[in-house]
Amino acid sequence: MASRDQLLSRLHDNELPAAEADALRAELSPEEQQKLVALSDVDAALKNALLPTETELAGLDLWAGLSDKLDAANAAPAAQVIALESARSRRRRSIGITAIFSTLAAAAGLLLLLRAKPAISNRCDIEELEVAGENATVIHIPDEHGRETALIWFDHQETDQWESL
Amino acid sequence: MTAKATEPSKQATSESAGPASAATADKAALRQDEAALIERIRRGDRAAFRVLVDRYQRRVYSLALGFVRDPDEARDISQEAFLKVYRHLDTFHGQSNFYTWLYRITVNLCIDLRRKAGRGNQSEFDERIAHEEAGSPADALSPGRLRFDPAKALHNRELRERLQAALEQLSETHRSVLLLREIEGLSYKEIAEVLDCPEGTVMSRLFHARRLMQQMLLDFTEPGSPKEAAKSA
């Protein structure tokens with residue numbers, strides 16, 4: 001239910017039905033009459049403080065700027081219209097792409113598993129020698145044609161080096 | 001341009017009210033005229049749009065200025081509001097008045113700008129007044145009159161600054177209601193249309209907004225008024 005002061009506020013705003021407004025005016029106390037005057041004071045102060053003056057409004061012309069913006073909008077190249085796919089066809093295409101990538105991933109995994117491993121020879125002969133006071137390691141590596149490659153590793157003057165024979 | 005670029009008549013006040021039927025007829029004629037203009041704009045008639053801009057630019061600018069207090073920002077918001085109107089005219093079906101639609105766009109732009117600028121509302125105040133009971137001492141209007149002539153508020157810097165500070169204390173919803181009433185002179189029904197809320201809410205918000213304004217302006221009220229006496233006690 002509206003308070004008495006809310007009724008005063010509606011009366012001040014001319015928002016009460018005529019009969020109700022007349023009845024209220026007839027029974028206003030001196031304090032209520034003063035409240036109405038006080039409301040008018042604040043309203044008038046607000047209007048006078050907030051409303052732009054005639055001088056401020058005199059130069060107002062929004063059309064010039066608006067017209068430019070409308071021209072710019074019209075001059076912009078028309079956007080290319082692309083027909084939107086239906087949700088169903090988008091879903092179907094997405095499922096197809098997923099299936100293709102899954103298949104490719106599975107094939108790649110299988111290929112890695114079945115890939116031929118490089119043949120590793122374990123038929124090397126390795127012997128340690130002492131030559132001219134220095135250590136040497138001789139490694140005999142046979143190949144598939146029955147030939148043999150020998151590698152000799154010398155340890156001298158704290159420098160390691162390979163010599164192929 | 002064939003349409004007349006006049007501003008719609010403001011809400012009738014007790015001082016200037018004419019016969020209610022004449023005001024209703026004026027509004028009906030305005031609505032019909034604007035419906036025709038809108039139809040022309042939809043068909044690409046830019047001159048018709050200019051008529052609407054010329055008709056409403058001062059009021060839209062004043063409303064925006066009331067919110068943002070910066071002439072440049074108010075001008076930008078006004079232009080943006082009209083651009084939105086032009087771009088979205090197809091969504092306006094004429095169920096409400098054109099100007100209430102335009103004001104709604106303007107108010108929303110103002111609120112958006114204030115929020116982006118960190119000048120958002122104080123929800124605490126909303127909460128507080130929402131819980132105040134009607135009839136409690138805090139719910140009473142002040143009978144204290146201003147010590148200054150309100151007509152000179154524009155030239156009284158101190159009072160002007162206090163009024164603006166008081167407005168800043170209001171939530172966006174309360175400020176919107178107060179500005180639509182005081183600057184645009186809209187009726188409760190029209191404000192309800194702009195803010196898309198019931199008329200009862202408009203009445204309540206307006207009442208509370210004014211009450212807060214009175215509280216903020218206590219220093220400017222006449223000594224000896226009941227409110228002042230309560231304050232000094």
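Contact here means heavy atoms within 4.5 Å. Helices are DSSP runs of H or I, at least four residues long, numbered from the N terminus.

This is a predicted model, where local features need pLDDT of at least 70, side-chain atom pairs count only at pLDDT 80 or more, and totals for chains, interfaces and linings use all residues. Residues are numbered from 1 along each chain as its sequence is written, chains are lettered from A and ligands numbered from 1 in the order in which they are written, and side-chain values use heavy atoms, with hydrogens and water left out.

Entry: helices 4 and 7 of chain B

I looked up which residues join this pair. From helix 4 of chain B come B:Tyr103, B:Val107, B:Ile111, B:Arg114 and B:Arg115; they meet B:Glu172, B:Arg175, B:Ser176 and B:Leu180 of helix 7 of chain B. I sorted them by class: four are nonpolar, one is polar and four are charged. (Ala, Val, Leu, Ile, Met, Phe, Trp, Tyr, Cys and Pro count as nonpolar, Asp, Glu, Lys and Arg as charged, the others, Gly among them, as polar.)

Helix 4 spans residues 98–116 of chain B and helix 7 spans residues 172–182; their axes lie 11 Å apart at an angle of about 140°. Axes are lines fitted to C-alpha atoms, for helices over the stretch in contact, and angles run from 0 to 180 degrees between N-to-C directions. Helix 4 and helix 7 of chain B are therefore oblique to each other. (Under 35 degrees is roughly parallel, over 145 roughly antiparallel, 65 to 115 roughly perpendicular, and the rest oblique.) I noted a right-handed crossing for helix 4 and helix 7 of chain B; that is, the near helix is turned clockwise from the far one by less than a right angle, anticlockwise being left-handed.

Entry: helices 6 and 9 of chain B

I then took helix 6 (residues 157–169) and helix 9 (residues 199–216) of chain B, which pack at about 135° with axes 9 Å apart. That makes helix 6 of chain B oblique to helix 9 of chain B. Helix 9 of chain B contributes B:Leu212, B:Met213 and B:Met216 to the contact. I count seven nonpolar residues, one polar and one charged in the contact of helix 6 with helix 9 of chain B.

Entry: where chain A meets chain B

What does helix 9 of chain B meet in helix 1 of chain A? I find A:Asp5, A:Gln6, A:Ser9, A:Arg10 and A:His12 against B:Met203, B:Phe207, B:His208 and B:Arg210. The axes of helix 1 (residues 4–12) of chain A and helix 9 of chain B come within 10 Å and cross at roughly 100°. These two helices are therefore roughly perpendicular.

The chain contact takes 54 residues from chain B and 46 from chain A. I read a buried area of about 4700 Å², 62% of it from carbon and sulfur atoms. (Buried area is the accessible area, 1.4 Å probe, that two parts lose on being put together, summed over both.)

Seven salt bridges link chain B and chain A; each needs a side-chain nitrogen of Lys or Arg within 4 Å of a carboxyl oxygen of Asp or Glu. I checked B:Arg210 with A:Asp43: their closest N and O atoms are 3.2 Å apart.
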